[in-house]
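Please look over the sequence and the model shown here. The report that follows goes through how the parts of the chain pack together.

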Amino acid sequence: MEPQIALNSKQTYPKNTIWQKLAPHTRIVTVLLLVVAIAVTPNGRWLSWGMYGCITLLFLKSAQINWGLLGRKLAIEFTFIIVLLIGTLFHPEGDVIWRWRGIQITTLGVTLLGSIIIKSLLCLLLANLLILTTPTPELLHGLALLNTPPLMLAIVTGKQIGRAH
């Protein structure tokens, strides 16, 4: 029987996966590099995001993520993003696709909306991959190995830093 790692009181994942065999700091760097690459990719680069999506899906599959749990988490997280993104659809520049009174939807607005939705979804998938497969103490240890400033670690952990008198 394969060893299991408990992620919360209800869910466990196999520990002997390719993703789990990576050191926590390696997982953090991998996710961080992908998130940065996704974020700096210009709007409308669908092929690039398709490649990032394939890489993300390979990581998710190799980590043997529970797709139901991931879907529920994404549904909650993405709801907030959708509310913020509705405004990008009504961008004033570009060719008008639809118009009603003072409201118009343009090609640039649709491109922005699609681009930001894809970027957000991929970044949320990667963040959840890291969170669902790496226990908090391992994440903190990985951040410390990556020379994360002590103040930032204190903020993440919620610990109070001692004051000099």
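## One residue and its neighbours

Leaving aside residues up to four places away in sequence, Leu70 touches Leu60, Ile65, Leu125, Asn128 and Leu132. Contact here means heavy atoms within 4.5 Å.

This is a predicted model, in which local features need pLDDT of at least 70 and side-chain atom pairs count only at pLDDT 80 or more, while totals for chains, interfaces and linings use all residues. Residues are numbered from 1 along each chain as its sequence is written, and side-chain values use heavy atoms, with hydrogens and water left out.

## The overall layout

The protein has seven helices and four strands. Helices (H or I, at least four residues) and strands (E, at least two) are DSSP runs, numbered from the N terminus. Along the sequence, the pattern is β-β-α-α-α-α-β-β-α-α-α.

Of the 165 residues, 31% count as buried, where buried means under 20% relative accessible area, exposed over 50%, and partly exposed in between (1.4 Å probe, protein chains only). Among contacts between residues at least 6 apart in sequence, 57% join residues at least 24 apart.

## The nonpolar core

The largest nonpolar core has 22 residues, and those with the most contacts inside it are Ile65, Leu70 and Leu129. Such a core is a set of buried Ala, Val, Leu, Ile, Met, Phe, Trp, Tyr and Cys residues joined through side-chain atoms within 4.5 Å. At least two residues of this core come from each of α2 (24–40), α3 (46–62), α4 and α5. The largest share, seven residues, is supplied by α5.

## α4 against α5

Helix α4 (residues 67–89) and helix α5 (residues 107–133) have axes that come within 10 Å and cross at roughly 155 degrees. Therefore α4 is roughly antiparallel to α5. Axes are lines fitted to C-alpha atoms, for helices over the stretch in contact, and angles run from 0 to 180 degrees between N-to-C directions. Angles under 35 degrees count as roughly parallel, over 145 as roughly antiparallel, 65 to 115 as roughly perpendicular and the rest as oblique.

The crossing of α4 and α5 is right-handed. A crossing is right-handed if the near helix is turned clockwise from the far one by less than a right angle, and left-handed if anticlockwise. Residues of α4 in the contact include Leu70, Phe78 and Ile81, and those of α5 include Ile117, Leu121 and Leu125. By class, the contact of α4 with α5 has 17 nonpolar, four polar and two charged residues. Ala, Val, Leu, Ile, Met, Phe, Trp, Tyr, Cys and Pro count as nonpolar, Asp, Glu, Lys and Arg as charged, and the others, Gly among them, as polar.

The axes of α3 and α5 are 10 Å apart, at an angle of about 20 degrees, so the two helices are roughly parallel to each other. Their crossing is left-handed. Among the residues that meet are Trp49 and Leu60 in α3 and Leu122 and Leu129 in α5. This contact has ten nonpolar, five polar and one charged residues.

For α2 and α5, the angle is about 175 degrees and the axes are 9 Å apart. That makes α2 roughly antiparallel to α5. The contact involves residues including Val31 and Ile38 of α2 and Leu126 and Leu130 of α5.

## A residue in α7

Ala154 is found in helix α7 (residues 150–157). Ala154 is buried, with a relative accessible area of 11%.
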